[in-house]
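Keep the 3D view open as you read.

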Amino acid sequence: MQLKWKIVQHQLKEPFKIAYGVYNFRKALIVSIDFDGKTGFGECTEIDYYHIHLDDFVNDLERIQSIFTTFSIEHPVDFFKKLTTFSLHPFLQSAIDCAFWDLYGKLENKTFSELNQLQITHFPQSSITISMDEEDIQLKKIIESDWEYCKVKVNSWSTSLRDKLLATEKKISIDSNGSFSLEICDFIQNDPLSAKFLYFEQPMPKGAENYKNLSQNSSANWMADEDLQSIDDLELLKPHYKTLNIKVMKCGGLTPSLSIIQKAKKMNFKIMIGCMTESTVGISAGIALASFADYLDLDGANLIAIDTFNGSNIRNGEVVLSDGVGLGIQN
């Protein structure tokens with residue numbers, strides 16, 4: 001096997017404003033694994049507020065590149081056991097794990113669903129992200145959007161904003177990227193109208209000292225994002241969150257994401273498959289898990305001005321599966 005990579009810059013269609021800052025582009029690392037004329041692809045992005053820098057990932061890739069030439073093809077679950085011995089950051093581990101799933105499927109001429117015997121009966125609709133802005137601008141974007149589901153980025157809350165969002169008659173969810181105070185969260189979880197929103201994602205900064213104040217029995221459908229990092233977090237989160245945001249990159253790949261989902265389902269968590277700002281490479285990996293989801297937030301590639309890959313994608317909220325094998329990714 002040959003392990004390769006390149007750093008790319010995803011220019012965004014418009015500035016992306018969240019509680020952490022304003023972004024006009026995202027740098028990403030595209031990882032590829034070649035074998036017997038087939039190529040598998042994976043992706044991870046550079047997130048400054050997570051202190052993630054792609055130069056560090058390149059150093060790790062250079063460290064392990066020669067080792068890959070000694071690897072033989074085996075089932076991705078067995079390959080993942082070897083991958084974990086490299087002690088890579090979850091984002092980089094994810095890119096390699098996804099690339100191997102894509103490669104393995106192409107070699108076996110099977111899709112990810114066929115390899116895992118997944119029964120696809122339906123897909124939820126994905127949300128489109130409405131970045132932070134003045135209220136009137138956000139409301140205009142929601143009303144004019146062709147997407148039925150809208151995830152609205154905010155860093156404050158009021159009954160006025162609540163009522164205006166509900167009046168759009170779209171299916172609205174709220175993502176504060178951890179910017180809400182305890183007082184705001186107390187108001188939300190005791191407000192009966194909060195139940196009209198699909199979910200409230202990661203309301204306060206990461207940490208048990210914050211989420212201990214949230215109740216999964218409240219009016220709000222609290223969703224854990226940064227508070228969910230691994231399968232070991234599930235028991236601690238259960239009293240506080242109804243829903244989990246499974247991002248393949250955050251969880252370290254498709255392999256660990258499958259394990260988290262299977263355990264979370266047994267614990268009666270609801271599941272969202274989410275994403276970073278990623279190209280079709282990363283989104284195709286997320287869509288591979290979409291049949292497990294109660295909610296989808298896989299609009300990352302829709303925010304990018306130029307996407308050079310083909311694969312599974314989202315069109316006006318609807319999942320459109322690639323007809324290719326593996327993860328269906330083509331360059």
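Start inside the largest cavity of this predicted model. Its lining takes in 22 residues. Nearest the centre lie F16, K153, K247, C275 and M276. The space amounts to about 220 Å³. Two strands to look for are β1 (2-18) and β5 (149-153), each of which supplies at least two residues of this lining.

How many cavities of 30 Å³ or more does the structure hold? There are three. The general idea is simple: a probe the size of a water molecule, rolled over the atoms, shows where empty space is left.

Move on to the second largest cavity. It holds about 40 Å³ of space. K247, V248, M249, G274, C275, E278, G282, G286 and L298 line it. Here helices contribute: α10 (248-251) and α12 (280-287) each give at least two lining residues. By class, the lining has four nonpolar, three polar and two charged residues. Note K247 and C275, which line this second cavity and also lie among the residues nearest the centre of the largest one.

A search of the whole structure finds zero disulfides. C150, for one, is in no disulfide, and its nearest cysteine sulfur, that of C275, is 15 Å away. Is C150 buried or exposed? C150 is buried, because its relative accessible area is 0%, under the 20% cut-off. C185 also counts as buried, at 0% relative accessibility.

Key. Residues are numbered from 1 along each chain as its sequence is written. This is a predicted model: local features need pLDDT of at least 70, side-chain atom pairs count only at pLDDT 80 or more; totals for chains, interfaces and linings use all residues. Side-chain values use heavy atoms; hydrogens and water are left out. A disulfide is a pair of cysteine sulfur atoms within 2.5 Å. Buried means under 20% relative accessible area, exposed over 50%, partly exposed in between (1.4 Å probe, protein chains only). On a 1 Å grid over the protein atoms alone, a cavity is a set of points where a 1.4 Å probe fits but cannot get out, and a pocket is an open set with protein on both sides within 12 Å along at least five of seven lines; lining residues have an atom within 4 Å of a point. Grid points are joined across faces, edges and corners, and a volume is the space filled by probe spheres set on the points. Helices (H or I, at least four residues) and strands (E, at least two) are DSSP runs, numbered from the N terminus. Ala, Val, Leu, Ile, Met, Phe, Trp, Tyr, Cys and Pro count as nonpolar, Asp, Glu, Lys and Arg as charged, and the others, Gly among them, as polar.
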